[in-house]
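The sequence and structure are shown first.

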Amino acid sequence: STEFTLYPYLVSRGFLPYRDIIDQHFPSLLFGPFSLPAFLTANPWPLLGLFLLTLCLTDIFFYASLVRHQVKKPFVWLLLFIISSVYFSGNILWIETFVNFLLSLWFFLSFSPKKLHQFISGFILSQILLLRPTIAPVLLILVLSLSRFSWPLITGGLVGVAIPLLFLVKQGALAAFYRVAIQFNQQVYPQAARLLPGKREIFFLVLWLVPAFFSLFKNKKYWLILALVCLLFLAYPRFGYEHLQPLYLVTVFIWAKHQTRPGFAVYLFIILFFCLNLISAIRHPYGNFFLPSGIQAIATRIQVLPGQTVYLLGPSDLLYPLSGKMPPDYTYVPSLPWYLGQKDFRDKIVTSLKKSRAPVIIDFQATIDGVNIASSSGDLVEYIKMNYSEGEKIGSYQLFLPKL
């Protein structure tokens, strides 16, 4: 996803999260003391390597966790997880990719009585919470079921939270963090960004979950059923299989742990979803959705524009790092309707344009969930049309230059 390349690029050029980079995620992977270094994200190849390495480590620790918890035929369960994960958008590198890695590592360590391992477990749990705060009820149930609370565990968790908190204090970004990550997340994002699943998505998700639910119900593991139900909220408010990646890992782990051996449903699902993956790969060849063909040529044309800054409304934000340009006046607001619908965010962009008089590039055809991005930006486009003159066309994008 674009954020993995864009945010390290902006941070390396002095942009601060929440104050300069408007994004509702907590300080962890995308920016903050535990964020990815820019050299790993400068182009797709190191990032692809990181993606594959993370997937491999997840599989290794997940398999080791199954062995440590004395699961019968652990390789069969691992195969079920891998094949299911691929079908349910496991080919998308997103936050849940790293959540799964941390979960598999925690499963491996949760069995250990050593104080150091418990401390590390607490630290890992805190990082999972920072990545996906809505997973908190699930972690509570899993800790009570698989492990126990201890002072080393609690201390590790507090240390994991304290480090990014100190980072925010040092950067003077606490107020901006509250506005974007707390207030915006609670009051705006759930309604403005809502995306519901389709019937086909619901069918395959329910189909995959039924055998595990039935097995847990038969073994009277009602709290674990509740944990799996809570994991469904990871896909709220914007449904996507990729957001549910922890659901598949935790479901397979719990299912395997409370099943004497893989049953008929497990082998059936391995065959079924392997075939579905094969059909999907043939019909929709995988590629980098966020790096379409022709974008490099557009970046080259943007690169020769005067100044070091440019404002993009609608085009891919990868054009910033690809062209070596930056958003004007240390102000980055994603071109998404739920951000552009907020007047204070639009005013922030207008102020940056007034101060910098940076060129503007607009994609009038860009849409999100059927909503035209330019149309959803309200008075922002009006300000640009009043204070800028139309320039050349850059691909399908329209260039605007400030009036003299």
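## Ser-104 and its surroundings

Apart from residues within four places in sequence, Ser-104 is in contact with Leu-57, Thr-58, Phe-61, Phe-62, Ser-65 and Leu-249. The model is a predicted one. Ser-104 belongs to helix α4, and its relative accessible area of 0% places it among the buried residues.

## Helix packing

Two packed helices are described by the angle between their axes and by the distance between those axes. Two helix pairs are set out below.

| Helix pair | Residue ranges | Axis angle | Axis distance |
|---|---|---|---|
| α4 and α6 | 95–109 and 136–146 | roughly 20° | within 11 Å |
| α10 and α13 | 199–218 and 264–283 | about 155° | 10 Å |

The axes of α4 and α6 cross at roughly 20°. An angle under 35 degrees counts as roughly parallel, and α4 is therefore roughly parallel to α6. The crossing of these two helices is right-handed. On the α4 side, the contact is formed by Leu-103, Trp-106 and Phe-107; α6 contributes Leu-139, Leu-142, Val-143 and Leu-146. Classified by residue type, this contact contains seven nonpolar residues, with no polar and no charged ones.

Helix α6 also has a set of buried residues, namely Val-138, Leu-139, Ile-141, Leu-142, Val-143 and Leu-146. The elements that cover them include α4, α5 (115–131), α7 (151–171), α11 (222–231) and α12 (245–257).

For α10 and α13, the packing angle is about 155°. Because angles over 145 degrees count as roughly antiparallel, α10 is described as roughly antiparallel to α13. Their crossing is left-handed. Phe-204, Leu-207, Trp-208 and Pro-211 of α10 meet Ala-265, Phe-269, Leu-272, Phe-273 and Leu-276 of α13. The class count for this contact is nine nonpolar residues, no polar residues and no charged residues.

Strands of a sheet pair through backbone hydrogen bonds, in either a parallel or an antiparallel sense. Here an open sheet of four strands has the order β1-β2-β6-β5, with mixed pairing. The edge positions are taken by β1 (311–313) and β5 (388–394); each has a single partner strand, so one side of each lacks a neighbour in the sheet. From one strand to the next, the twist averages 25°.

Within this sheet, β2 (residues 360–362) and β6 (residues 397–402) are paired in the antiparallel sense over three bridges. Ile-361 is placed opposite Leu-399 of β6. Helix α18 (residues 379–387) lies across β1, β2, β5 and β6, and runs at about 100° to β5.

## Ile-394 in strand β5

Ile-394 is located in strand β5. Its relative accessibility is 1%, and Ile-394 therefore counts as buried. When residues up to four places away in sequence are left out, Ile-394 touches Ile-298, Arg-301, Ile-302, Ile-361 and Leu-399. One of these contacts, Ile-302, is 92 residues from Ile-394 along the chain, while the C-alpha atoms of the two are separated by 8.1 Å. Two further contacts of Ile-394 are Ile-361 and Leu-399, the residues that stand opposite one another where Leu-399 lies in β6.

Notes: Residues are numbered from 1 along each chain as its sequence is written. This is a predicted model: local features need pLDDT of at least 70, side-chain atom pairs count only at pLDDT 80 or more; totals for chains, interfaces and linings use all residues. Side-chain values use heavy atoms; hydrogens and water are left out. Axes are lines fitted to C-alpha atoms, for helices over the stretch in contact, and angles run from 0 to 180 degrees between N-to-C directions. Angles under 35 degrees count as roughly parallel, over 145 as roughly antiparallel, 65 to 115 as roughly perpendicular and the rest as oblique. A crossing is left-handed if the near helix is turned anticlockwise from the far one by less than a right angle, and right-handed if clockwise. Contact means heavy atoms within 4.5 Å. Ala, Val, Leu, Ile, Met, Phe, Trp, Tyr, Cys and Pro count as nonpolar, Asp, Glu, Lys and Arg as charged, and the others, Gly among them, as polar. Buried means under 20% relative accessible area, exposed over 50%, partly exposed in between (1.4 Å probe, protein chains only). Two strands pair if DSSP finds at least two bridges between them.
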